[in-house]
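Here are some notes to read alongside the model you asked about.

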Amino acid sequence: MQRFTVPILLAILFLVLVGMSYYDLLDLYIQSVIMFVGINIILGSSLNIVNGYMGEFACGHAAFMAIGAYISSIINVMLFTQDRIFGAPLLPPEMSLYFFPFVLLIGGFGAAIAGLLVAIPSFKTRGDYLAIITIAANFIVTSTIINMDTIGGSRGFMGMKQITFAMEDVIFLPWMLIWVILSTYLTVWVIYRFVSSTYGKGIIAIHQDEVAAEIMSVNTNKMKLVAFMVSSGLAGLAGGLFAHILGYINPGSFGILKSTEALVIVYLGGMGSLSGSVLAAILFTLLLEGLRFVLPWMSSGLHWFDGIFYWADLIPDGYQVSQVWKWVIIPLILVLLMQFRPEGIMGNKELADLFPRLRRWYSFK
Amino acid sequence: MIASFIQNLFNALQWGSFYSLIALGYTLVYGVLTLINFAHGDIFMVGAYIAFFVATFFLGTALLAEGGWVVLALTIPLTMILTAFVGVTLERIAYRPLRRKGANRLYVVITALMCGLILENGNLALLGASRKSFPELVDKVVFSIGPVSMTNLKVAVVFSAVAVFILLQFIVTKTQIGMAMRAISYDKFAVPLMGIPIDTIIVFTFILGSSMAGLAGLLFALSYPILDPFMGALIGWKAFIAAVVGGIGDIRGAFLGGFLLGFVEILVVAFFPSTFRDLIAFSILLIILSVKPTGLFGVAKTTKI
């Protein structure tokens, strides 16, 4: 029975979310927040393979996301929509529903190939030099896209909304939500199976000591190749979903800041903890969206405070706390968290290691 | 052709000087702590803003009657001191407690990244999105040698980069405090046993690095007198890449790496459309790192089992 608790719970969560959004119980904003939670889970946990389990410091994860996003959106737009650049649709738009997962996988595959750009230098280079290679890769990818004028260059690329509408025309369901949830499940499952298998434990061995791992018959170069390609491929998947949710992408949204977000999720959750990454992704996204509402309250609170000390007139009347403070508060929270819990939320442990009693209720395979 | 080439060479020297000045700060901190201080680019930005406020403050007082030179002479040291104060504050508040707790190095790096974000966005939130324009302190003098022209400011920028390099090289290789800095990077655990005050040395390193970033910010603001809160982000990342290409932890490496990046960028812009600048410059750096993974001056570390 314990074997089925997690799949059943996940299936119930899936059905509840899809059902609620089908009957308009969740408005579009909440749906998009849920989808961004899913994307951040994919991003964070895929970066955790390299940064957590393998102990490297890769900080160009958004590059692979960009490649996946661009490849899958270009294929979809080319095949299924009437477009200014690519002309008439090559296939009837109704087919887009059946092809969508394959197109996403192709995008992920393309990103995995691009992962070679980082994986091959990693054979010889480690540590901070590899970090710089990943940063350089991020800059190279974004500026390559900027220079490709046929796909919009720095103006961006759009037309993916039509794919969503085409899918909804076939069967009316919140398709993007369904794809995001399914790919999140797939990602977490794949990563869990990978890092807990005998083969995948080679990655953890590389983290602990590369030379010793080599002696103990771990093919370190191959393991690095696999780790980087899986990680960047899953990032490409996240990118494809991101592009189709927003319906518009431009190279600027895949810059270093996006990579920093992925890094934050990994280190907030704890290096080498999958459940930590999932928790951190949920927390981070909710914090980001929650502050949007908290900041106006803060301004009214400040004005109330000003009203008490009315003789001093501390704050001008029309003053509003701007949304920029969001990006001051979040790093501040992280810095404080690092001071009090320098290993992240979960350390390198999983949920079941921290709460052993949970094992009575589930076993996750 | 030759004239435009030489003109580009001078421009490259100026850009390279900015990269060098920032890269020196990265490499100093890295050499001592093996910490990538990602907030350094933003300390450069803070330096430029501090220079702006100090200069406008002095221009408002009666000192202006004495001439722009006096204002500049007062602004330079004050900017360097105040920026050093910001850098040391970061070290004291954010990095030192983590170091004491023995946290994983990468968590300190993430903290540095977050401190950079706080500085950038805090500046944006406090001062608003309007760009500040830096007052012109000293009249521009243009020297022309045939078709090649350069301003006194460019010469000053290049000379100060070289002077800073020589000063830092002297401090690190010849003085006692420099010896202590090298000792810390060699063995962090044995150094306190030898009676070397490790925290004082680290604070001194941050003072050196941040004041150089402040100087770079001031010179940058004089050369390109528009300030915005995100000016430090890209230039900081690039200077870090320059430091790594030179071999991070080595003063000569950072100096040469900064100039190398400046030359590559300016020459790419001279021959290709300017949107190709980042693409080609980073591809060249990637090739250099793939051929020589430890950078130009870096020494490969042997790992023991």
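A word on naming before the points: helices (H or I, at least four residues) and strands (E, at least two) are DSSP runs, numbered from the N terminus. This is a predicted model, in which local features need pLDDT of at least 70 and side-chain atom pairs count only at pLDDT 80 or more, while totals for chains, interfaces and linings use all residues. Residues are numbered from 1 along each chain as its sequence is written, and chains are lettered from A and ligands numbered from 1 in the order in which they are written.

1. Let's start where the two chains touch. Chain A gives 35 residues to the contact and chain B gives 38 residues (two residues are in contact if their C-beta atoms, placed from the backbone, lie within 7 Å). On the chain A side, α5 (127-147), α9 (210-215), α11 (256-269) and α13 (326-340) each supply at least two residues. The largest share, twelve residues, comes from α5(A). By class, this side of chain A has 25 nonpolar, seven polar and three charged residues. Here Ala, Val, Leu, Ile, Met, Phe, Trp, Tyr, Cys and Pro count as nonpolar, Asp, Glu, Lys and Arg as charged, and the others, Gly among them, as polar.

2. Next, have a look at α12 (residues 274-308) of chain A. Its 35 residues should span 51 Å at 1.5 Å a residue, and the end C-alpha atoms are 48 Å apart, which agrees (the expected span is 1.5 Å times one less than the number of residues). Where is the kink in α12(A) centred? A kink of about 35° is centred on Leu291(A); the bend at a residue is the angle between axes fitted to the seven residues ending there and the seven starting there.

3. Staying with α12(A), its buried residues include Leu274(A), Val278(A), Leu279(A) and Phe284(A). A residue is buried if 20 or more other C-beta atoms lie within 10 Å of its own, exposed if 12 or fewer, and partly exposed in between, with C-beta atoms placed from the backbone. The partners of the buried residues of α12(A) are α2 (28-53), α7 (175-196), α11 and α14 (351-354) of chain A.

4. Chain B has a kinked helix too: α3(B), residues 68-101. With 34 residues, α3(B) reaches 49 Å from its first C-alpha to its last, close to the 50 Å expected. The kink, about 45°, lies at Tyr95(B), shortly before the proline Pro97(B). After α3(B) comes Gly102(B), with a positive phi near 70°.

5. Two backbone angles deserve a glance. Most residues other than glycine have a negative phi. Ser217(A), not a glycine, has a positive phi of about 65°. Ser217(A) is in the loop between α9 and α10 (220-246) of chain A, and is exposed, with 8 other C-beta atoms within 10 Å. Thr34(B), also not a glycine, has a positive phi of about 45°. The loop between α1 (2-33) and α2 (40-60) of chain B holds Thr34(B), which counts as partly exposed with 17 C-beta neighbours inside 10 Å.

6. Finally, Ile106(A) sits in helix α4 (residues 96-119) of chain A. Is Ile106(A) exposed or partly exposed? With 18 C-beta neighbours inside 10 Å, Ile106(A) counts as partly exposed. Leaving aside neighbours within four places in sequence, Ile106(A) is in contact with Ile71(A), Ser72(A) and Ile75(A).
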